[in-house]
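Dear colleague,

Please find the structure below, handed over for your records. My notes on it follow.

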Amino acid sequence: MNFLLQPWQLLLVILAGWINRQQQAIIEFQRTEIDVLKEKLGKKRLLLTDDQRRRLAVKGKFLGRKVLEEIGTLFTPDTILRWHRQLVARKWDFSDRRHQKPGRPPIAEEVANLVGKCWENPTWGYDRIQGALATWAPRSPIKRLATS
């Protein structure tokens, strides 16, 4: 088996290696920058906004606990993953539905009055009741039934 690289393949391998070295240099610089920032802060507590915590949580969840421990972040991996759990819990807490009362919505007072009139007049048939309801709510499905 003859294994020779074509010139374009060799160029591609060299380019990929150069890009990898560049990325590793950037990562090393950022790790050093984090270490310097940790030394500067000391034991002081770093306060973040909700948006900053959200961005770190999303990126940290993607990396995972082991990688976060290896790279040595400003915050512990447990903290970053806790932020992610809270972010997911906040998304799925259904707080937008809490203001609604459970069950059937209340009946309008005018409809209740019409139903009361129907009980007062037992001689009314369904046509008369349908007509009375259609005059009350001109856009209701009852009106459409009366006209069809």
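In what follows, Ala, Val, Leu, Ile, Met, Phe, Trp, Tyr, Cys and Pro count as nonpolar, Asp, Glu, Lys and Arg as charged, and the others, Gly among them, as polar. By these classes, the lining of the largest pocket holds 10 nonpolar, three polar and three charged residues.

This is a predicted model, in which local features need pLDDT of at least 70 and side-chain atom pairs count only at pLDDT 80 or more, while totals for chains, interfaces and linings use all residues. Residues are numbered from 1 along each chain as its sequence is written, and side-chain values use heavy atoms, with hydrogens and water left out.

The protein chain has seven helices and zero strands (DSSP runs numbered from the N terminus: H or I of at least four residues for helices, E of at least two for strands). Of its 148 residues, 13% are buried (under 20% relative accessible area, with exposed over 50% and partly exposed in between; 1.4 Å probe, protein chains only).

The largest pocket contains about 410 Å³ of space. A pocket is an open set of points on a 1 Å grid over the protein atoms alone, where a 1.4 Å probe fits, with protein on both sides within 12 Å along at least five of seven lines; lining residues have an atom within 4 Å of a point. Grid points are joined across faces, edges and corners, and a volume is the space filled by probe spheres set on the points. Of the 16 lining residues, I34, L56, I71, T73 and L74 lie nearest the centre of this pocket. Helices α1, α2 (50–63) and α3 (65–71) each supply at least two residues of the lining, and α1 gives the most, with six.

The second largest pocket has a volume of about 160 Å³. Its lining consists of K38, L41, G42, K43, K44, R45, L46, L74 and F75, which divide into four nonpolar, one polar and four charged residues.

Yours sincerely
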